Amino acid sequence: MLAIEAKNLTKKYKEKTAVNSINLKINQGELFALLGTNGAGKTTTIKMLSTLILPTDGEIKINELDIVKDRQKVKEILNVSTQETAIAPNLSVKENLEFMAGVYQIPNRQEKINELIKMFNLYEVLNQKAKTLSGGWQRKVSIAISLINDAEILFLDEPTLGLDVIARKELWSVIKNLKGKITIILTTHYMEEAESLSDRIGIMAKGNLIAVGTAKELIKQAGSETFEDAFVKIATGGEI
């Protein structure tokens, strides 16, 4: 079953076409990375897929629900973890989880909180104020919070941006453990991250979705030796 299906998805801002009639299918439980240089249209695409903005034309179905007709139902089954860590700095990790469980009116909230504490191994930082945590821990807690509503589809926007190598690898482990359990759409500028984590990858350029496949398939398509070289060649049309 498809988690996301977009048909002829288009977004225009006056005379500028940010996303140009793209078609995209993402399977349930898949980790799909959407890549592109700045201005390629990926951020606009993610905003449409996550219901933050509506398309100018085309349609999107999330778990077979239409994002226009069934927008509220769609919002209940997805969540977004943005680049900015969505945690209250003066609350402890435990208080952050309790607060968001209250916001979402989660039934059996303590059971859900305990599940996330175990999943993200938050025991050692539970009583620490969020502002005292390292960047890696803050991102972990932020992603945990984004799953408080039992999201079936999670958008991860640059989850390891600014983290050191060790913190990045630790967060990769967390993301890998989520694979297959929920559908994840990842945006990143780290090619190694996309190659390591993704089941499939889409590459955008100038508002168009120009390639979709596994990292190996894209390397082969580009005739390159590494995924980074393949991305550059596909994204630029071989101009670099």
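A nonpolar core is a set of buried Ala, Val, Leu, Ile, Met, Phe, Trp, Tyr and Cys residues joined through side-chain atoms within 4.5 Å, where buried means under 20% relative accessible area, exposed over 50% and partly exposed in between (1.4 Å probe, protein chains only). The model examined here is predicted, with local features needing pLDDT of at least 70 and side-chain atom pairs pLDDT 80 or more, while totals for chains, interfaces and linings use all residues. Residues are numbered from 1 along each chain as its sequence is written, and side-chain values use heavy atoms, leaving out hydrogens and water.

The largest nonpolar core holds 53 residues, and Leu97, Phe120, Leu122, Ile201 and Phe227 touch the most other members. Helix H6 (residues 165-178) supplies the largest share of this core, six residues; helices (H or I, at least four residues) and strands (E, at least two) are DSSP runs numbered from the N terminus. A separate, second core has 25 residues, including Val19, Ile26, Ile60 and Val74. With contact taken as heavy atoms within 4.5 Å, and neighbours within four places in sequence left aside, Leu122 meets Val93, Leu97, Leu116, Ile117, Trp137, Val141 and Ala144.

Turning to the strands, an open antiparallel sheet is formed by four of them in the order S2-S1-S4-S5, where two strands pair if DSSP finds at least two bridges between them. Strand S2 (16-27) and strand S5 (65-66) are the edges, each pairing on one side only. Eight antiparallel bridges link strand S1 (residues 2-13) to S2, and Ile4 has Ile26 as its bridge partner in S2.

Backbone angles bring two further residues into view. Most residues other than glycine have a negative phi. Thr51 counts as buried because its relative accessibility is 4%. Not counting residues up to four places away in sequence, Thr51 touches Ile67, Arg71, Val74, Lys75 and Leu78.
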